[in-house]
Amino acid sequence: MLLQDEQQLLLQISQKKQSSSQSLTGENQNQALNSTSDQSTQIMTVSDPKNIKVGSIYPKAKNYETRKSALNLLVSLLVQNQKTTNQQGNKQELEVYNPSQETYEFLRQFLVNGNWRTKSQNDWSVITYLQRHKSGYVGLRNLGCTCYMFSDALVSVNPNLENVKLNENVLYNTQLILGALKFSQKQYYDPRYFCQAFKNFDGSPIDVLQQMDVDEFFNTLFDKLENNLKLYKNDFIIKETFGGVLSNEEEPSLAISVQVKNKSSLQEGLQAYVEGEMLQGENAYYCEKCDKKVNTLKRQSIKKLPNVLIIVLKRFEFDFEEMRKLKVNDYCEFPQKLDMTQYTQAYLHEQDLKDSDNNQEQEETNQEKIKKNKFMDKSYYQFNLSGIVIHQGNSESGHYYSLIKENQQWFELNDKIVRNFDESEIPNVCFGGQEKISDNEFDKGMVQKNRNAYLLFYKRDVLYDEMGQQKSQLVSTQRLNNLSDQIQQEVIQDNMRYRINNYFFSNNFQEFQENLVNKIEDQKSYEFNLPEQKLFITYFFTVVVRRQGRQDRIPIFYPKIKNILQNNSKIAQWLVRNFCDDKLLQEFLIDCPIKDMQYLCTGILILAIQSTIKLEQNMEYDLFKQQSVVVKLLSIMIYMIHDTKYQGQNMERIYRIIFMCNRININLKIFLLKNQMIGRIVQIMQHKNPQGPGYEQIEHYWNFGKLKEKSDLGEPNLQSDNNKCSIKAYEEMLEEKKQQKMQEKTVISYNYLIATLSDLVRSVNFDDKPDKQPKQFSSSQINYVVDQQDIDFLKENLLVMNTLFRQSTEKISRNKLGQMMAYLSSDKKFYSTLMLYIEEMLSDKQNIVIDDEDLRPYMVVLYRLAQIQDSNQKDRNNEIATVILKFLVKNTKFIQPNQIVFQYLLKFYDKIPAFRENIVQLILNNKEMVISTFYRWIEEISNPIQFVNQNKGRIYKDPSRKFIQLYQSITDQQLSKLRILALERQEQFKKMMKNQDLALQYDFDEDLSQQNLQIGTKIDYKFDEYKGWGSFEIIDSIDSMYHIQGIDQNNSQLKKWVYFDDQFIAPYETAKIQLKNQFDYFK
């Protein structure tokens, strides 16, 4: 920590540096150049861990203002050095010694190796940890029900533990806790390794969710420690501190148990403890020497007092009548200073001699014995209260915490929390008894307090050894102050991790990053300052996206990253190259539990790809394939989508990048085609590993794309330090269960793979007569001959067709599927197969296992087929119209599917003029059946519940459908909406029969044009199934993604990243009037 004058000096230097940075030239500039990297290392580094003391691990600039000034100084030095070097043209000198690069390398090592880079939910919402309490005390994390474990003082010893499995050794982990309690800089220490080492009788680790009596645990722990210490001939340490001896058969004792029931004070309880019982009559003691029974006083007393006296207040008892354990909440006070003289064997023996009724001779003998009775110095019996363990709760459950006295000040240690405690509150908190309960208006009377002292720790001011000699310090205290090298290194490393984490997640460092890039933006020096830009991007991916409260920093960081990538293709290329690592892709695009961060990282990577292509777009394909970093990234992604370890995970973001790469550059499209992505996608969607000639082993893609060196962005920790331990905290167990449930509910989305497949298919010729393929559905045509295997996969496999339809669950995949099917339908055989498949799937909805929403892909495909303009259009439209009408007539009793199909019927009629004539003629040809059914259907949808409940409906007769159950709870307001919708349907049907235009609103199957989505544009968006539709505004964009904010139907403020092709984006104020079906009213 810097001294006050050093802080002031650094503040002055920083201010002067910022005001005079323009004047740095010549010798001054060279001095600044040589000192820059030193400044960066001095701000937060500490010495080599092997050469530092365990209690002194602090950055040299610890104070907030000092660190801020130091970082401002570093910004000025870095930017000025770079600017001056660039102006003078000293690029060769910069290549030899570049302070920016050295600073980047120094700081990067901490970022990329951060221990926070795990899959844990907590590590995706990192907070800056609080440091230890100013008292010097450190809390202990409660892992579930472990509060009973660490509410008393323990011991330390330094045996040789080289051949011991440390994580399984109770003694070592006890030492580690003691070392952390004394020297940790964190607010609290996590004792999970101790819990793992502390085994039950069956050898299993202790259950952190099962509470234990603190007195019982205390005895068990000390037994284990004593057994461990015996191995190293150090078992005397426990006895030296806590070991007392009772007079009864010289019994060793670590604690004294005292009654509190009907005892108003500790002294009363101690007096009862030593009072004893007179054995007389039948119970009299038989004296072998006298050969007769004699009256005898049987009692317990203390022969030897320990240095730390532990008194257990008997707060629990067993009721044999009710056969249950009870807690004793009786009032029992205890003093701050305790004189134990009158409870010792020597004192009681003397009192017995004085009180005995003897003759003159016996009296003289007793006086002699009194003189010989050995008393210790008065200080031996004097104890001061130093600690209290409190139990709050009942006999079945509760919570333990401690009060500790240090330097005349009391502190409360309550799990993680350490705080000052008012000594005057001890009677209220610790003595038990009754308290008055009242609220603002009424007095509720007296009730028993459920919080009271359970263990008391009294400590001598003057210490004594085993021989009764005064000692200035105990051996255990000496060894606690001189920890073993192993313990020291553990604590030092933990403190360093804590300091590093807090440093990089602090506002200081984030502001430093922002200021540095602001300088670069001001000077428009994107082509220079490469290390600073790399550091900024590295910091974003390793820290900012994982920081709790990221919503405040993300709007500052990502626009700057966007500017860097758009203005510096070299940095973009560097970023793409460093993402050629499946572990990194998994970290940010798969494992990240924050969906918005997945979107943002995906968008940034796509933006980097687009910028990188600027450097690579003029290459010939063969050279492009070998040298393009984007091809290497694609190769890693192809490897991932085939690798079994990623199966069952949602790879949607990976598929999205592949989809965008196919659209960004013609060479990337050729690469995908030549690597048989058409066949690969089809087989992957069928959960098969691609087989057949030309399908190379996936290791080929891994070997081609992988980095030859470690990524500059590092790698995630696949297993955090906590995960290496079998013990999990309660909240971690909940998180694991939550993640398991999420994993079970994860729906594997292939929508972007289907979109990629469609674009690839429509860019090449799939027919012997390519001129017959509908050009309106082609996509960036290239001269490429498709492999016959790929043609066969698509055209001659009904299983593939079924997979494509069932997996097209979003707007983009449905549209792309429709375009692809229309494109391939120039092949009459394929078209016939397709129509037979669709007609079969829609022929009788009642007997087909297909959800209502699954109808949409079939409708979209039919819609695209109806748009094909060729000589067969009339016959084709007649066939399509027949399929639709058959479905509507046969399945009218199913509310939801009929709503969907009827909406599409209106769309076909309104949007495709050539279809209009066919559908009207078909309806007129079947007038009696179709029209009467339609009008009855429209009547019943106006109030479906009435017809269902009264069994009057001729259409809605299936109460097992989930939507019928939903209608049971229709409100009057919703019913009014249904009637309005029914009238609209009726009017639309009448217009259709009169061949009039319907002028339908926005088509929900179509994407909004990116040209219409600009910052400031208002849209309608459906946030989720619960929040429903709301009005939003685009506040930012990156690539094909938009950041929207607004309110939902419940007036809640919401923000979200969305793709332009998101199926829930609609033009402003269209969603509330143009609903797909009735069911949307209730979502």
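This is a predicted model: local features need pLDDT of at least 70, side-chain atom pairs count only at pLDDT 80 or more; totals for chains, interfaces and linings use all residues.
Local features need pLDDT of at least 70 and side-chain atom pairs count only at pLDDT 80 or more, while totals for chains, interfaces and linings use all residues. Residues are numbered from 1 along each chain as its sequence is written, and side-chain values use heavy atoms, with hydrogens and water left out.

The structure holds 40 aromatic pairs (Phe, Tyr or Trp rings, the six-membered one for Trp, with centres within 6.5 Å; stacked if the planes are under 30 degrees apart, edge-to-face if over 60, tilted for the rest). Among them is the tilted pair of tyrosine 639 and tryptophan 702, at 5.2 Å centre to centre with 35° between the planes. Tyrosine 639 belongs to helix α23 (residues 629–642) and tryptophan 702 to helix α27 (residues 698–705), so this pair ties together parts 63 residues apart in sequence. Helices here are DSSP runs of H or I of at least four residues, numbered from the N terminus.

A tilted pair is also formed by phenylalanine 805 and tyrosine 837, with 5.3 Å centre to centre and 50° between the planes. Both phenylalanine 805 and tyrosine 837 are buried (under 20% relative accessible area; exposed is over 50% and partly exposed in between, with a 1.4 Å probe and protein chains only). In helix α31 (residues 798–807), the buried residues include Val800, Met801 and Phe805.

Turning to charges, the charged end of lysine 224 sits over the ring of phenylalanine 198, 5.1 Å from its centre (NZ of Lys or CZ of Arg within 6 Å of the ring centre and within 35 degrees of the ring normal). Arginine 460 lies over the face of tyrosine 380, 4.2 Å from the ring centre.

Notes. Helices (H or I, at least four residues) and strands (E, at least two) are DSSP runs, numbered from the N terminus.
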